[in-house]
Amino acid sequence: MKPPPFEYAAPETIEEISALLAEYGDEARIIAGGQSLMPLLALRVVRPTVLIDIGRVSALDGWRQENGILRVGANLRQQDLLEDEDLKSALPLCAEAAPQIGHPATRSRGTIIGSICHADPAAELPVCALALGALMTVRSADGERQIAAADFFDGALSTAVSDEEFVPEVHIPLPDVLTGFAFCELSRRHGDFALVGVGCSASLDTDKRIVTARVGIGGVDDTPLCFDLDSAAKEQISDGQSVGDVAESIASQLDPGTDLHATSDYRRAMAALLIDRALQTAVSRASEG
Amino acid sequence: MGAPKQILHVDLVVNGTAYSRDVEARRTLADFLRDDLNLTGTHLGCEHGACGACTVIVDGQPNRACLVLAVQADGSEIQTVEGLAAGEQLNPVQEAFKKHHALQCGFCTPGFLMAASALLQTNSDPTELEVREYLSGNICRCTGYQFIIDAVLSAAHKMREPGTSD
Ligand code: FES
Ligand code: FES
């Protein structure tokens, strides 16, 4: 179908975006790359009065590193995770997930923040945001607040961002030297949303024992989920015991749905396998430095 | 009966020709190409970003023209399937599709040709796996994919070493 009629606004500053949102609230939608919103418009699932195109707001372009934080702007494209060598080395988890996000023709426009804000429970970047402990900057005309990724996802396609707010930036803590990451997913076809997608981060101390380890999982609930390993699990893996038990115990807490593509049991079994794989890989990458 | 339609102005270049038109905000780039510019080579299969039939190249990058608003493409340079051949002379990718029987009904073909062109513009020597992954966003309901992959690999070879037979 064709998108329903709407007014189009192309602000050039962040302040103008906030002012438009203050005026139109839930009648407005933000468009950046449009790779999630355009299908919703075409299917008339959403019918905004005003579309606010933030693509020409240059303050939202690019990324930078500052005080141990990587700041990603709302217009940074998914394709940059595959092409920008500096970004790839600063964000190895997202770079590993990137080839599996859609296709070249969608990554070329689709943005990193757009995908996180679309909050598809099976999408790759929300899982990465959780595993990385990202902080979403959320802004309205009244000011700015930050929401931890763990508190950001409310439900399928739903986030803690209110109608008057938008997300200009995401802050990702830069890893220490002894931190490793891994992303693994299972999908029906290349570029499909994941049946199960897992992103892990693991940090070690100088004795190569695990200090923190976090697992993000997509495709198994209404939102992507996040698990921090408890001290028993960290000890166990640091002592060289099987990661599989830890993976099994996380997977046993999942209650995935059944659909055309996979049963609940199959998803849970695959989650255990992928958590095992991703956690092992993250830990061994961390110890290689 | 609703507010008056907001009309916006769009200037862009398609296959080297500059165009300037007034459009409704909701006009997709695909409809703009087909209905405003009469460039009907770009096909619409699903109109919501699932099939790849509408793939065109915008500022050097492959894009699904049904997922871009014409106003978002204002100021861009666009290549469509009409820009590939020089008159009657097919380009190497089109030639390879013909030779390898990489089309039957041809509905998906403009999208595949443009996606393959985008790939070969950045990677002149892709592996079979790279071709498969790159084209994984394009759906064909007729030929199956093997002939399409064969055609793209053969076009890549031809373009690297003109004059050789494949
Ligand atoms: S018509 Fe654009 S992707 Fe199907
Ligand atoms: S040739 Fe008919 S859909 Fe591909």
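How do the axes of helix H2 (residues 92–99) of chain B and H3(B) cross, and within what distance do they come? They come within 10 Å and cross at roughly 130°, where axes are lines fitted to C-alpha atoms, for helices over the stretch in contact, and angles run from 0 to 180 degrees between N-to-C directions. This is a predicted model, in which local features need pLDDT of at least 70 and side-chain atom pairs count only at pLDDT 80 or more, while totals for chains, interfaces and linings use all residues. Residues are numbered from 1 along each chain as its sequence is written, chains are lettered from A and ligands numbered from 1 in the order in which they are written, and side-chain values use heavy atoms, with hydrogens and water left out.

- Helices (H or I, at least four residues) are DSSP runs, numbered from the N terminus.
- H2(B) is oblique to H3(B), a word for angles that are not under 35 degrees (roughly parallel), over 145 (roughly antiparallel) or 65 to 115 (roughly perpendicular).
- Val93(B), Gln94(B) and Phe97(B) in H2(B) meet residues of H3(B) that include Phe112(B) and Leu113(B), contact being heavy atoms within 4.5 Å.
- The axes of H2(B) and H5(B) come within 8 Å and cross at roughly 135°, and these two helices are therefore also oblique to each other.
- On the H5(B) side, Ala151(B) and Val152(B) are among the residues met by Pro92(B), Val93(B), Ala96(B) and Phe97(B) of H2(B).

**Aromatic pairs**

- There are two aromatic pairs over all chains, counted where rings of Phe, Tyr and Trp (its six-membered ring) have centres within 6.5 Å, with planes under 30 degrees apart called stacked, over 60 edge-to-face and the rest tilted.
- Phe152(A) and Phe153(A) form an edge-to-face pair, because their ring centres are 5.3 Å apart and their planes stand at 90°.
- Phe112(B) and Tyr145(B) form a tilted pair, with 6.3 Å from centre to centre and 50° between the planes.
- Because Phe112(B) lies in helix H3 (residues 109–122) and Tyr145(B) in the loop between helix H4 (128–134) and helix H5 (146–160) of chain B, this pair ties together parts that are 33 residues apart in sequence.
- Phe112(B) is buried at 1% relative accessibility, whereas Tyr145(B) is partly exposed at 34%; buried means under 20% relative accessible area, exposed over 50% and partly exposed in between (1.4 Å probe, protein chains only).

**Cysteines**

- The structure holds zero disulfides over all chains, a disulfide being a pair of cysteine sulfur atoms within 2.5 Å.
- For Cys94(A), the nearest cysteine sulfur belongs to Cys128(A), 4.3 Å away.
- Cys94(A) is buried at 4% relative accessibility, and Cys140(B) is buried with a relative accessible area of 7%.
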